[in-house]
Amino acid sequence: MNPRLLRDLKKLLGADGVLSEPEDLLLYEYDGSVETARPDCVVFPRSTADVVELFRLANRHKTPLVGRGAGTGLSGGALARQGGIITSFARMNRILAIDIENQRAVVQPGVVNSDLSAAVAHLGLHFAPDPSSQKACTIGGNVSENSGGPHTLAYGVTTNHVLALEAVLGTGELVRFGSAALDSPGYDLTGIFVGSEGTFGLVTEITVKLIRLPEAVKTLLAIYNSVNDATETVAEITARGITPSACEMLDGWTIRAVEEYVHAGFPLDATAILLIEVDGLLEEVEDALLHVKEVCTMHRAREVRVARDERERELLWKGRKNAFGAVGRIAPSYYTQDGVIPRSKLPATLRRVGEVSRKYGLQIGNVFHAGDGNLHPIILFDERDERQFRDAVRAADEIIDFCVHVGGAITGEHGVGMEKDRLMPLIFTETDLDLMKQVHDVFNPAGLLNPGKIFPTSKGCGEIYVRPQPQLSSPPARA
Amino acid sequence: MPAKTVGFTAIDKPEYADYARCVHCGLCLNHCPTYRLWHQEADSPRGRIRQMELVDQGQMELGDAFVTHIDHCLDCRACETACPSGVEYGRLVEAARAQIERQYKRPLFSRIARDFVYRKLLPYPARIAAAARALRIYQRSGLAAAARSTGILKVLGLSDRERLIPRIDSRFFSSEMGQTFRAVGQRRARVAFFAGCVARVTFAELNRATIRVLQANGSEVVVPQNQVCCGALPAHAGVRDVARDLARKNLAAFPIDGFDAIITNAAGCGSTLKEYTHLLPANGSSGDHDRAMRFSAKVRDATEFLDELGLMAPLKPLLVRVTYQDSCHLAHGQKIREAPRRLIRAIPGIEFVEMQQADQCCGSAGVYNVTETKASLDLLALKMDCASETHAQAIVTANPGCILQLRAGSQIHGTGQEVLHVVELLDRAIAAPR
Ligand SMILES: Cc1cc2nc3c(=O)[nH]c(=O)nc-3n(C[C@H](O)[C@H](O)[C@H](O)COP(=O)(O)OP(=O)(O)OC[C@H]3O[C@@H](n4cnc5c(N)ncnc54)[C@H](O)[C@@H]3O)c2cc1C
Ligand code: SF4
Ligand code: SF4
């Protein structure tokens with residue numbers, strides 16, 4: 001790292017605001033994904049002004065800048081693929097304002113998702129996007145990944161809850177998009193910014209909507225002996241015009257892994273379970289619950305249980321939200337895939353996952369946001385075995401390939417990052433990608449912001465693992 | 001100069017099978033008090049585990065940086081509660097500290113102090129009593145007041161630490177050793193009482209209250225004579241040989257089969273007593289493992305035991321508003337959260353209010369408040385904010401270390417809140433006049 005730049009950074013942020021020793025940098029080589037890349041230094045700004053100044057220094061020294069929240073991301077988004085400066089927002093973690101009347105909050109990007117909900121719970125409000133990582137991930141990270149969660153089905157993803165942003169663009173300009181009003185005139189720049197995975201700018205302040213906590217919530221567990229029956233239940237619920245606030249599915253193998261750890265009361269011999277939640281006004285909820293129960297039974301659910309109180313409800317959700325970790329207990333490493341398919345293709349996709357699992361001899365568990373066709377196969381492998389690692393990646397690629405085949409996409413909510421850049425041509429034509437690149441260049445012309453992400457590139461130099469070629473069963477172009 | 005070392009030695013090291021469970025998901029970060037203070041990976045559970053892994057694989061030196069970050073850990077085990085992968089962090093950090101103890105040369109002063117505390121003092125009840133008597137003279141003779149008023153403590157940088165030093169009891173818990181205390185009414189259980197080491201000279205009254213409450217609820221209480229320190233402090237500091245030795249002495253001192261339970265009122269001791277099998281593993285050289293297993297199976301925290309047994313003694317109303325601070329080694333170490341709360345709520349007249357972040361460490365953490373005073377006081381300040389928000393008159397908790405820390409907090413921050421152990425509250429309700 002350029003010693004002058006380092007000296008200037010320390011002058012700006014103080015000695016404790018900059019990390020550059022090798023033993024510290026080794027700890028910013030990872031995030032929640034299976035990728036690794038080492039930065040040249042890590043900085044901790046405390047204010048928007050710090051960030052503006054940071055851009056000036058980075059631009060002057062032509063050094064990459066990569067944003068980082070809590071580093072729970074699953075696609076290597078927060079890793080410095082081409083080296084440079086990681087900007088950790090962990091110390092910019094203040095809630096700046098809560099406007100009860102208009103149900104808004106203004107936060108710094110490092111505020112932890114569930115901390116915001118906890119801070120407004122006594123007002124009967126919450127921040128609706130609820131990724132399973134919500135107790136750790138930051139709102140800045142949520143904005144950059146446009147994160148969703150189990151309740152996305154009814155409440156939408158992060159972008160539906162962001163009203164305005166303050167950010168520093170790749171050019172070094174400080175901008176404000178959107179307004180606290182619901183619909184601001186002109187292009188929806190906030191919309192385009194949310195989900196840009198830290199490649200357009202670094203977000204320094206976010207105005208979010210706060211949603212009333214529902215008057216009533218009911219959570220139901222439906223137990224099946226066949227995956228088909230479970231998926232048909234999901235299709236029928238939507239067909240009847242019922243919108244549950246969440247509809248999650250776990251397969252039999254995953255159920256057993258979770259149950260052993262969480263003791264959520266999931267039956268060990270089931271083939272699939274659905275976790276369905278309805279919320280709203282008391283009468284509405286009772287009514288919807290009746291309908292949902294009826295549909296479950298019609299589609300041969302062998303048992304339908306309704307959580308009797310908040311404790312039982314929390315336990316069911318604990319089972320679901322800890323699924324990744326619980327499965328991870330079984331093998332040294334796991335690789336969580338993220339794909340989207342039309343709901344009607346669930347049974348076929350699951351069969352395909354089973355085939356892939358047998359082909360490579362790797363255990364694969366399945367957890368889905370069934371309501372919106374977002375599937376998360378969890379592939380277990382042993383990181384010490386190079387061959388297993390490669391096979392895990394191949395298996396994941398084959399599953400994603402199938403998703404695209406049946407009309408889905410390569411990621412539902414975990415982002416492209418440095419994990420799926422090479423898969424982008426599966427769903428986008430060259431024209432699509434060119435257009436995206438042009439948009440990218442408007443915000444980030446010099447390419448110093450989070451380089452080596454999203455767009456398929458010739459391989460960067462930060463990687464440690466050599467990636468195998470994706471095995472495509474059909475030409476990537478999409479008609 | 002501290003020696004440069006790469007890799008761990010064979011015994012008592014963080015094991016691959018334990019650290020590989022960490023899938024670096026980061027879900028523990030926001031639950032870790034030191035991450036919340038400083039927000040850097042090196043002081044987070046995930047980062048500490050990665051550092052152990054790197055040292056084990058020879059990619060990081062077992063040097064100053066590693067030691068600093070492992071020292072900064074409170075061993076509060078909040079990360080274990082948060083971790084979906086079932087990482088047993090407490091076990092990992094204690095092993096890492098054993099490696100540091102063996103391989104890293106600390107500065108001279110620290111070496112002398114550690115040697116004195118862990119090897120020369122804690123293992124010997126008589127020496128603790130002698131030291132306590134000396135300290136009592138300092139505290140009662142006016143010397144302490146003089147030291148404070150002349151400002152000499154400030155000059156020495158000791159004024160904050162001095163507040164954290166426990167007040168020595170006027171009557172030690174010594175004549176009770178070896179005694180049996182009869183159950184009130186019909187005998188429902190026969191238990192052995194674990195009296196602690198420093199607690200015998202600083203928490204003698206708490207020990208007596210615990211015995212009274214147990215008696216009042218139909219337990220016959222025996223205090224085995226030859227028991228020693230549980231070994232928690234040496235084990236947390238990585239001084240494994242001493243901890244192991246103490247564990248063996250306690251296994252010999254407690255006739256396990258004669259009791260329904262072995263009771264402690266200190267969450268920190270309890271979690272070590274319940275994990276004697278970690279100190280005396282199955283593959284160890286001696287046959288102690290089996291006995292450790294039977295011993296640990298009988299250990300109960302006083303609140304856990306009373307909750308299981310069911311309160312029988314009539315309780316008189318206490319008209320106070322209280323809040324509860326989870327002791328880390330009860331909530332995270334032993335996964336006991338509801339029992340103390342149920343006991344508090346069982347007292348008529350009590351108004352119980354939960355504080356925010358009740359299960360965040362108060363900064364006491366064994367000797368942490370002495371070794372890492374600044375961080376400890378920062379955590380204490382956060383804790384006192386949450387505690388005073390509840391407007392509770394008393395903060396109730398379940399571990400002597402936490403009581404000391406919170407009492408200092410109440411003083412430093414002038415909240416005027418009383419700090420009590422759950423059993424002390426029960427004792428008052430049993431003894432309170434109508
Ligand atoms: C167990 C587990 C479960 C998960 N469940 C879900 C889930 O249900 N739904 C879901 O959508 N995701 C999920 N994730 C993925 C991840 O938690 C989300 O993507 C989350 O939003 C990332 O937040 P973070 O603070 O950790 O961001 P990081 O991982 O630190 O960063 C993510 C991206 O955001 C960028 N970034 C961070 N802060 C800023 C900023 N201030 N300005 C600009 N760019 C920034 C980074 O450069 C990076 O590209 C899960 C992860 C784990 C480990
Ligand atoms: S929560 Fe557990 S698995 Fe995840 S990073 Fe922390 S210790 Fe590792
Ligand atoms: S034991 Fe406590 S301080 Fe140490 S890493 Fe875990 S949560 Fe952090």
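Biologist: From which domains of chain A does the shell around ligand 1 draw at least three residues each?
Modeller: From domain 1 (3–88) and domain 2 (103–212) of chain A; domain bounds come from an automatic or database domain assignment. The model is a predicted one, in which local features need pLDDT of at least 70 and side-chain atom pairs count only at pLDDT 80 or more, while totals for chains, interfaces and linings use all residues. Residues are numbered from 1 along each chain as its sequence is written, chains are lettered from A and ligands numbered from 1 in the order in which they are written, and side-chain values use heavy atoms, with hydrogens and water left out.

Biologist: What makes a residue near ligand 1, and how many surround ligand 1?
Modeller: One of its heavy atoms must lie within 4 Å of the ligand. The number of residues surrounding ligand 1 is 35, and the closest are G67(A), G69(A), T72(A), S133(A) and T138(A). Ligand 1 is located between chains A and B.

Biologist: What makes up the shell around ligand 1 by residue class?
Modeller: There are 12 nonpolar, 19 polar and four charged residues. Ala, Val, Leu, Ile, Met, Phe, Trp, Tyr, Cys and Pro count as nonpolar, Asp, Glu, Lys and Arg as charged, and the others, Gly among them, as polar.

Biologist: Why is the pair between T72(A) and ligand 1 called a polar contact?
Modeller: A polar contact is a pair of N or O atoms within 3.5 Å; within protein, one must be able to donate a hydrogen and the other to accept it, and residues adjacent in sequence count only if both atoms are side-chain atoms. A polar side-chain atom of T72(A) is 2.6 Å from an oxygen atom of ligand 1, so the pair qualifies. A backbone N or O atom of V203(A) lies 2.8 Å from a nitrogen atom of the ligand, so that pair qualifies as well.

Biologist: How much of ligand 1 does the protein cover?
Modeller: Of the 980 Å² of accessible area (Shrake-Rupley method, 1.4 Å probe; for residues, only the protein chains shown count as cover) that ligand 1 has on its own, the protein covers 99%.

Biologist: Which element gives the most to that shell?
Modeller: α5(A), with five residues. Helices (H or I, at least four residues) and strands (E, at least two) are DSSP runs, numbered from the N terminus.

Biologist: How do you know that β1(A) and β2(A) pair?
Modeller: Pairing requires that DSSP finds at least two bridges between the strands. Two bridges join β1(A) to β2(A), residues 41–43, and the strands run antiparallel, so they pair. V18(A) stands opposite V43(A) in β2(A).
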